[in-house]
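Have the sequence and the 3D view open as you read.

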Amino acid sequence: MKLSELKRWCEGHKGAQFDYQKDWDAERYLLEGKMFAMFGHDKSGTPILTLKCDPQRAESLREEYEGIKPGYYMNKTHWNSLALNGNLPPKLFKECITHSYELVLKGLPKKVQNEVVSENQKI
């Protein structure tokens, strides 16, 4: 899947905001200041997409796909890094991005969750 398509998918989520983390040389997508996706590289220079993930699902995905590793420089329990130059199914990237976004959304206060949902219903 093309990098531009993945970034558009991230941008398409309600309330998603983009920023560039200079210290990490990483492009991030946030919801209310909380990161749900980060495009960067691991120590060997492999391009990766790092996403929040339910711990049980994270472990299951790592076992099933060689291109999914514990989150690079992140909490290894709650984050996965997906190799962008591997053989992962395109549909999996979108599913994992949406899962990450939903976890971040659910972690926000109810009032903020409702505001995010309401904002986009006006569009």
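A residue counts as buried when its relative accessible area is under 20%. Keep in mind that this is a predicted model. By that cut-off Lys7 is buried, because its relative accessible area is 18%. Lys7 sits in helix α1, and beyond its neighbours within four places in sequence, it is in contact with Glu27, Tyr29 and Phe39.

The largest nonpolar core holds 26 residues, and Leu31 and Phe36 touch the most other members. Among the elements that each supply at least two residues of this core are α1, β2, β3 and α4. The top contributor is α3, with seven residues. Another core, of six residues, lies apart from it and includes Ala26, Met35, Met38 and Met74.

Back to α3: this helix has 17 residues and spans 25 Å from first C-alpha to last, close to the 24 Å expected at 1.5 Å a residue. Its buried residues include Leu92, Phe93, Cys96, His99 and Tyr101.

What about strand β6? Five of its five residues are buried. Both faces are covered, with Trp79, Ser81 and Ala83 on one side and Asn80 and Leu82 on the other.

| Strand paired with β6 | Sense | Bridges |
|---|---|---|
| β4 | antiparallel | five bridges |
| β5 (residues 68-70) | antiparallel | three bridges |

Within these pairings, Leu51 has Asn80 of β6 as its bridge partner, while Ile68 stands opposite Leu82 in β6.

Technical notes:
Residues numbered from 1 in each chain as written. Predicted model: local features only at pLDDT ≥ 70, side-chain atom pairs only at ≥ 80, totals over all residues. Heavy atoms only, no water. Core = buried A, V, L, I, M, F, W, Y, C linked by side-chain atoms within 4.5 Å. Buried < 20%, exposed > 50% of the residue type's maximum accessible area, 1.4 Å probe, protein only. Helix = DSSP H or I, 4+ residues; strand = E, 2+ residues; numbered from the N terminus. Expected span 1.5 Å × (residues − 1). Contact = heavy atoms within 4.5 Å. Pairing = 2+ DSSP bridges.
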